Amino acid sequence: MSETAPIGLAEIEAARQTITGMIRRTPLDPSPSLSERAGVPVYLKAEHQQITHSFKLRGAANAVLNLDEGVRARGVVGVSTGNHGRGLAYAARETGTRCIICMSKLVPQNKIDGIRALGAEIRIIGRSQDEAQHEVDRLVEDGMTMIPPFDHRHIIAGQGTLGLEILEDLPGAGTLVVQMSGGGLISGIAAAAKAMKPDIRIVGVSMERGAAMAASQAAGRPVEVEELPTLADSLGGGIGLENVYTFAMVRDLVDEIVLVDEREIAAGIHHGYWHESQIVEGSGAVGMSALLAGKIRPAGPTVLLLSGGNIDMALHHRIISGEHVDMTQQTGD
Ligand SMILES: *Cc1c(COP(=O)(O)O)cnc(C)c1O
């Protein structure tokens, strides 16, 4: 298969076979409160309950398990805002693989601690994911394999296994609402879902502050945006100016892109706790945020993905207590 052949259903089904022993099949639960508000049945895919508390384990597991043994033995390295690092660290530990995670200073301490606890080495470099990338390049020259967070076919296929699970549990799904940062998640889900149900609507959601994929789609090519502090910290970072897969997949498969502001993200986290009994991080909550803000026009049964639950618990407590949390006042240092 050529490096850039489209990623289709067969590859996503193969990914599921590969990762099935390493991940949890997460539940799809109806949300009475959101269904009432939306006027259509709304379901929550509880992927924040995944091992390592985000879907990133799916792609990381697929990528690590697909490495030849000799290559894997030299170790893997990742650059990550947190959840990819956790997923990669976990998948590496489960396969007895050395793992180094490089990250920027903007990453919250709770995420750093979480990755270290999974047995990975941490290197904190620079202010942006791009700077951390330079350290990765050096480690790759020394023989380690870089596992990127989104623009990689095994990662995309691994995330796409969520699409298989959602449509198996709800074959009549009409709209899937999926977070969008680098676009690996939504590309994989959309490829699986549209192969199984071509008329399904895929809505991407990003935060207003630093939505690189949305800006790139608007420009018609990958563009850089400034990385800013946001409650949806897992959605930060660029899509890569040399993007191979996800820019084109989002262009071809995503029907609509919605942006949410910081107050709306907080409202999503708040709703998740008080009405759904779920602890969801900002990035994981943006589907609920968009729906609550009236920014989604749901067609048919609608699935909101809760993509992650790794949030600083003191911050979570402030948000669910109704305190106004303004990330725009924070510099990240
Ligand atoms: C990484 C991440 C996303 C976005 O995934 P992409 O593949 O980069 O678009 C969404 N939610 C959470 C919790 C994440 O960690």
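## Working through a predicted model

At 4% relative accessibility, Thr 230 counts as buried. Keep in mind that this is a predicted model. Let's start with that residue.

**Exercise 1.** Now take Val 244: is it buried, partly exposed or exposed?

*Solution.* 
- Step 1: apply the cut-offs. Buried means under 20% and exposed means over 50%; Val 244 has a relative accessible area of 43%, so it is partly exposed.
- Step 2: list its partners. Not counting residues up to four places away in sequence, Val 244 touches Thr 4 and Asp 151.
- Step 3: look along the chain. Thr 4 and Val 244 are 240 residues apart, yet their C-alpha atoms are separated by 7.4 Å.

**Exercise 2.** Describe the largest nonpolar core and say which element gives it the largest share.

*Solution.* 
- Step 1: size it up. The core has 37 residues, and Leu 176 and Ile 202 have the most contacts inside it.
- Step 2: trace the contributors. Elements supplying at least two residues each include helix H1 (9-19), helix H8 (153-169), strand E7 (175-179) and strand E10 (302-305).
- Step 3: pick the top one. H9 provides the largest share, seven residues.
- Step 4: zoom in on Leu 176. Beyond its neighbours within four places in sequence, its contacts include Ile 166, Ile 189, Ala 193, Ile 202 and Val 303.
- Step 5: look elsewhere. Apart from this core lies another, of 30 residues, with Val 40, Ala 232, Ala 266 and Met 288 among them.

**Exercise 3.** Characterise the surroundings of the ligand.

*Solution.* 
- Step 1: count the shell. There are 17 residues around the ligand, the closest being Lys 56, Asn 83, Ser 181, Gly 183 and Ser 307.
- Step 2: sort them. The shell divides into five nonpolar, 10 polar and two charged residues.
- Step 3: go through the ligand's oxygen atoms. A polar side-chain atom of Lys 56 lies 2.7 Å from one oxygen atom. From the backbone, an N or O atom of Gly 182 lies 2.9 Å from an oxygen atom of the ligand, and a polar backbone atom of Gly 184 is 2.9 Å from an oxygen atom of the ligand.
- Step 4: On its own the ligand has 390 Å² of accessible area, and the protein covers 98% of it.

Conventions: Residues numbered from 1 in each chain as written. Predicted model: local features only at pLDDT ≥ 70, side-chain atom pairs only at ≥ 80, totals over all residues. Heavy atoms only, no water. Near = heavy atom within 4 Å. Polar contact = N/O pair within 3.5 Å; in protein donor to acceptor, adjacent residues only side chain to side chain. Areas by Shrake-Rupley, 256 points an atom, 1.4 Å probe, with all protein chains shown as cover. Nonpolar A, V, L, I, M, F, W, Y, C, P; charged D, E, K, R; others polar. Core = buried A, V, L, I, M, F, W, Y, C linked by side-chain atoms within 4.5 Å. Buried < 20%, exposed > 50% of the residue type's maximum accessible area, 1.4 Å probe, protein only. Helix = DSSP H or I, 4+ residues; strand = E, 2+ residues; numbered from the N terminus. Contact = heavy atoms within 4.5 Å.
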